[in-house]
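Please read the following points with the sequence and the coordinates open beside them.

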Amino acid sequence: MGSVKLPFSVQSRYGGNFLLSFPTSRFRSPFPAGGRDYRGFIIQSLPLVDPCRLSYANSNDKGSHFFTARASAEPLTEPIVEDKQLNVSTSGDSIRKRFLEFYAVRGHKVLPSSSLVPEDPTVLLTIAGMLQFKPIFLGKVAREVPRAATSQKCIRTNDIENVGRTSRHQTFFEMLGNFSFGDYFKKDAIRWAWDLATVEFGLSAKNLWISVYEDDDETLALWHDEIGVPVQRIKRLGEEDNFWTSGATGPCGPCSEIYYDFHPERGHSDVDLGDDSRFIEFYNLVFMQYNRKDDGSLEPLKQKNIDTGLGLERMARILQQVPNNYETDLIFPIIEKASNLANLSYKFADESKKTYLKIIGDHMRAIVYLISDGVFPSNIGRGYVVRRLIRRAVRTGRLLGIKGNGMGNLDGAFLPILAEEVIKLSTNIDTEVKIRAARIFEELKREELRFVSTLERGEKLLEQILTDALSTAQINGTVPCISGKDAFVLYDTFGFPVEITKEVADERGVGIDMESFDVEMDSQRRQSQAAHNTVKLSVENGAELTENISDTEFLGYDTLSTRAVIEGLLVNGKAVEQVSEGNEVEVLLDRTPFYAESGGQIGDHGFLYVTKSGNIKEAVVEIKDVQKSLGNIFVHKGTVKEGVIDVGGEVEAEVDTKLRQRVKVHHTATHLLQSALKKVIGQETSQAGSLVAFDRLRFDFNFNRPLRENEVMEIEGLINKWIGEATLLQTKVMQLADAKNAGAIAMFGEKYGAQVRVVEVPGVSMELCGGTHVSNTSEIRGFKIISEQGVASGVRRIEAVAGEAFIEYVIARDNYMKQLCSTLKVNAEDVTTRVNNLLKDLRDARGEVSAARAKAAIYRASTMISKAVTIGSSLKIRVLVESMEEIDGDALKSAAEYLVDSLEDPAAVVLGSCVDEKRVSLIVAFSPGVVGLGIQAGKFIGPIAKLCGGRGGGRPNFAQAGGSEPEKLGVALEKAREELVSFLSEKSG
């Protein structure tokens, strides 16, 4: 005979250890599971255990079974069944909560979502729930828990053109996941996924289809034999769909997916699981069971892992029975708000307007969470993603007819208003979003208004380009197409993401030459390329120059001087043919040894010389900055010191060798710093920005706490050790894939072409880098960290010096120490002891002075007792409101304490003092009898302090405040007297 043991939650709720015996042969599961008989399950006959989880286990009696609660993290190989109420909530928040609770009961540690900015430097944004566990799956980091469950914020923009047009594509989504790190494997993962879908969420088994990897017979058998899914509803798919890999080699394994069938009446023949009109894949199970070796063969992993993902929005769509993800309660409130701003009804809008509203609803979530996680609009990396989304949302809003902020202010912004809706929905996703609301609103407003001003000009240009393309096509009988060059000008000059240009062009039936656009983009990214193009050059002050300009040939890796031809001159943004002495100028050369600012390294300084026979200098231009425009056109910025320079003339371009050496030293030292950080605080840390200058280097990195003193010393020690080893650097050009496979680190925010430059300090560092570097680490001479601080949430900054700057720093500090030793008349090793003794003496002296001031204040207060007035006939409350000139806050406090004690209970004292010409101090002290009447010092002092430009607070019986307007102290004290007398008169009768 078996028995039912109520779980701990029911025992505590109903008070008992009630056991109910039953024979297993008499009961069957009321829930269908492919026709399978779950022997021993009681659901409807135990209504008492409705909210509680029950796990199934066999007793030693072969003819019976029993239920028992499971609270441990041990693998559960048998199904868990819960009695669910029929009318459970299907809200997105509820689905998320139920998923996490489902796996928490099964021993999973519920972990928070990681940031959308991943620690993994190879990934731009968090695209999957497993990303925070990637180091564990790859065996680089030891597991902290055997199993985990998360609800992870994710961003994917690879299918952005499908957002709003299909029922399921989104840029921002939540991925619910359960993970096993060498703990349970396929059987439990499959069983729990099925129970979650059919029991927890109540999906009918008849609506569920399964996909498995084509060679994974084991998984197919588990679904069919263990779960009972009919073979005709299990599909074998190929490696592209159902096999996960971490790279060319390493951990990998088959996948299995669960699909929901919206139209099971269509039957089982000729089924395509990719048919969006019928199916939606909502749960993906990845079984990491193999290691792919260099020869491509697979060997079993010693530690097999589980990585799953369930799309929250997809499950919400299924349970809420809406036609697409956008109309779930996770997104639709944003759509409704946008509809209101556009003066539309979503229900009665045409399909194009519904598509626009869906785009805005989706993009606003992505934008808000990206900014909240510290991603701000820019033209590179993550910043470009959020800028692209913002600009797409702004233009889409304009297409819907939203003007200004949509609420009457034509000069306002509407994105912050929509962001309010996103933030309202964020409570159970990320609590930090509400805290960062002000920053989000400010950034959205600034970016929207900036783009709107550009958008109007860009739209006019785009309209002209489209008109020209259509006209040319009609004349030539060809297909209308925008050149890649024109699309690039829209992108680079007017901030039009090419995706927006493409969308607008598609609406007019015009294509874009994307191949030539990509060529323009590649030209912008590369450091050196000799291609000639007719380009529109836009300099930073907005002026434009149209010329046949060559990309500048960069020679600065190999030489610091060269002959060059002036191809263009700009003065105050205007193209000129000649520039004379005393004028600032921007010079465009056909070739240059000057490094243009990029990759964190500042531009070179130096001179351009125009010489005549005998090397006599006719003209001299001092160069103080070099920037890139439109890819590889170098803009040399400087001042004509002597003579006249002309377009077409020849110059001798010479880089300042001393400054170049200083920047080379700092750049190589930056590479060493990154390697040292990874060794000391962990490989997970990654670069978040950098500056390589002549006088110092600055390095931002992802880390969530300040560096400890011993860590700073260890980092410095490692770098100086590598410097002392006098290692020759190796620089080579490689294919991007080969460089990554070799372990080269990519720089934060950079995009790379097919070929990349790799700078390696053998055995220490290997990075993709276009900057200038020393030939041997010994050239760095020495390295010193001069500061370490936080600059943003989760981002730290190190500033350091190396080479000549290091020598200057050490000499300066040595001089300071010598002066200090001379002043203190001690040796360097005794300075700390001497300073500590002086500080102690100073503290003691200050204490004595403070005590003397307190005594003086108390003495003066004793002469004021007679000024107290009595309020009331029965209580006789003593009230004293006075000014005590030139008494500091501490002494004023002592005086107030003395007075309230001397006047005896009930008593109220208010004292004020002008500490100096700019500061006011206020003290309020009430005895217990006064506080008992319902007045509190901490609340009373606030309005009084405001009268003299200050604020304060404190306890019910004692409060302090400061102010900045001494001339108003008298007014404040008079107000205090009136308020006290009025209140106490009323209370005392």
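Predicted model: local features only at pLDDT ≥ 70, side-chain atom pairs only at ≥ 80, totals over all residues.

Residues are numbered from 1 along each chain as its sequence is written, and side-chain values use heavy atoms, with hydrogens and water left out.

1. The chain overall. The secondary structure of the protein chain comes to 25 helices and 42 strands. Of its 989 residues, 50% count as buried (under 20% relative accessible area, with exposed meaning over 50% and partly exposed in between, for a 1.4 Å probe and protein chains only). Where contacts (heavy atoms within 4.5 Å) link residues at least 6 apart in sequence, 66% of them join residues at least 24 apart. The accessible surface of the protein chain is about 45500 Å², and 48% of that belongs to carbon and sulfur atoms; these areas come from the Shrake-Rupley method with a 1.4 Å probe, and for residues only the protein chains shown count as cover.

2. The nonpolar cores. A nonpolar core is taken as a set of buried Ala, Val, Leu, Ile, Met, Phe, Trp, Tyr and Cys residues joined through side-chain atoms within 4.5 Å. The largest has 112 residues, and L203, W223, F282, Y283 and M364 touch the most other members. Helix α9 (residues 351–372) supplies the largest share of this core, with 11 residues. Apart from it lies another core of 31 residues, which includes V680, I681, C769 and I785. Leaving aside residues up to four places away in sequence, F282 touches, among others, A197, L203, L208, I258, Y260, L310, M315 and I318.

3. The strands around β12. Two strands are said to pair if DSSP finds at least two bridges between them. β12 is joined to β13 by 10 bridges in the antiparallel sense, with S256 standing opposite L285 in β13. Strand β9 (residues 208–213) also pairs with β12, antiparallel and over 5 bridges, and I258 in β12 is the bridge partner of I210. A further 3 bridges join strand β11 (residues 243–245) to β12, again antiparallel, and here F243 has P254 as its partner.

4. Onward to β14. β13 and β14 run antiparallel and are joined by 9 bridges, Y290 being partnered by P300 in β14. The hairpin of these two strands has 5 residues between them, and within it G296 takes a positive phi near 90°. Strand β8 (residues 172–181) pairs with β14 (residues 298–311) in the antiparallel sense over 5 bridges, and F181 has N305 as its bridge partner.

5. An open sheet of 3 strands has the order β32-β33-β34, with antiparallel pairing. Its edge strands, each pairing on one side only, are β32 (730–735) and β34 (765–768). Strand β33 (residues 755–761) is joined to β34 by 4 bridges, and V758 has L768 of β34 as its bridge partner. Helix α17 (residues 657–681) packs on the sheet, touching β33 and β34, and its direction makes about 120° with that of β34; axes are lines fitted to C-alpha atoms, for helices over the stretch in contact, and angles run from 0 to 180 degrees between N-to-C directions.

6. Helix α22 and what follows. The buried residues of α22 (residues 889–902) are A891, L892, S894, A895, A896, L899 and V900, and their cover includes α21 (831–862), β38 (877–883) and β40 (920–926). After α22 comes E904, whose phi is positive, near 65°. A cis peptide bond with omega about 0° joins D905 and P906, and P906 lies in the loop between α22 and β39.

7. Other backbone angles to inspect. Most residues other than glycine have a negative phi, and most peptide bonds are trans. D270, not a glycine, has a positive phi of about 50° and sits in the loop between β12 and β13; at 81% relative accessibility it counts as exposed. A726 likewise has a positive phi of about 50° without being a glycine, lies in the loop between α18 (709–724) and β32, and counts as partly exposed at 36% relative accessibility.

Notes:
Expected span 1.5 Å × (residues − 1).
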